[in-house]
Amino acid sequence: MDFKEDIRKSFNILLSDEQLLKFSKYYDKLIEYNTHTNLTTITEKEDVYYKHFYDSLTLIPFVNIKDGSLCDMGSGAGFPSIPLKIIFPELKVTIIDSANKRIKFLSELVEELGIDNVNLAHQRIEEYGQNNQEKFDYVTARALGNMTLITEMAIPMLKVNGEFIAMKGSKGKEELTDAKQAIQKTGGKLINSMYLELPNDYGERSIFLIRKINHINGYPREYQQMLKKPL
Ligand SMILES: C[S@@+](CC[C@H](N)C(=O)[O-])C[C@H]1O[C@@H](n2cnc3c(N)ncnc32)[C@H](O)[C@@H]1O
């Protein structure tokens, strides 16, 4: 594996020794913590580097995301926001996750990596979103769930002209078709759809970029309502 060279080739980013060390510490911490707390089923070093770290960075060519505020919904063990923060230290990151064990892991991780400006919210996204409207420049979601639901959660938290980046697997296209109404009703507009393959046959991915055009009040609704009557 030549992670540094693959990042340079794919994203035109030359990782410093310090950044490489942060990824290495991230890997070690994830594996050590995973022995007592279930964080990921992917544990082989090369798999973690490509299926988690590299994959988290695939949005870089499509979004101008070097600084500003980013909210990562359902970040789990920190994807995509922590790899992005290692590359772009100026980003102000807020992570929302309802699983306390993941928030606890992340709080130890950011301390050990020595990264600042990461705010960890142990809360349900839709509750956080009701109280934090028009707040972020970017919202990300990777492997979080149904595109219609995550659109309703994400767009209200964006500032007007902010961007929602939804990171999906190989079946993203069908989900996007289902989410067209949700995008429109929450004041968003699909700007770009990207379909890509990870290196070394690690799989297909899709990334959708949705810009907020208007702020519409009343979203996100209560979770049960979102499930019962998807937009
Ligand atoms: C499948 S994991 C994906 C984690 C990570 N984004 C990744 O790409 O590996 C989904 C995460 O979202 C969190 N989650 C799911 N629904 C949520 C909600 N409504 N509010 C807060 N967290 C939620 C779960 O606790 C879990 O950590």
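A residue counts as near a molecule or strand when its C-beta atom, placed from the backbone, lies within 6 Å of it. Everything below belongs to a predicted model, where local features need pLDDT of at least 70 and side-chain atom pairs count only at pLDDT 80 or more, while totals for chains, interfaces and linings use all residues. Residue numbers start from 1 along each chain, following the sequence as written.

**View 1. Around the ligand.** Here 15 residues surround the ligand, and the closest are G74, G76, S98, A99 and R142. At least two residues of this shell come from each of β2 (92-97) and α6 (125-131); helices (H or I, at least four residues) and strands (E, at least two) are DSSP runs, numbered from the N terminus. The shell holds six nonpolar, four polar and five charged residues. In this scheme Ala, Val, Leu, Ile, Met, Phe, Trp, Tyr, Cys and Pro are nonpolar, Asp, Glu, Lys and Arg are charged, and the others, Gly among them, are polar.

**View 2. Helix α2 beside helix α5.** Which residues of α2 meet α5? They are K22, K25, Y26, K29 and Y33, and their partners in α5 are F105, L109, E112 and L113 (in contact means C-beta atoms, placed from the backbone, within 7 Å).

**View 3. V110, a residue of α5.** V110 sits in helix α5. Is V110 buried or exposed? V110 is buried, because 20 other C-beta atoms lie within 10 Å; the cut-offs are 20 or more such atoms within 10 Å for buried, 12 or fewer for exposed, and partly exposed in between, with C-beta atoms placed from the backbone. Beyond its neighbours within four places in sequence, V110 is in contact with I115 and V118.

View 4. Seven of the eight residues of helix α7 (residues 147-154) are buried, so the helix is largely enclosed by the rest of the structure. One of these buried residues is I150. Setting aside neighbours within four places in sequence, I150 is in contact with M73, A141, L144, G145 and A166.

View 5. Most residues other than glycine have a negative phi, and most peptide bonds are trans. The bond from F79 to P80 is cis, with omega near 5 degrees, and P80 lies in the loop between β1 (69-73) and α4 (81-87). E134, not a glycine, has a positive phi of about 55 degrees. E134 counts as exposed because it has 12 C-beta neighbours inside 10 Å.

Methods:
Two residues are in contact if their C-beta atoms, placed from the backbone, lie within 7 Å.
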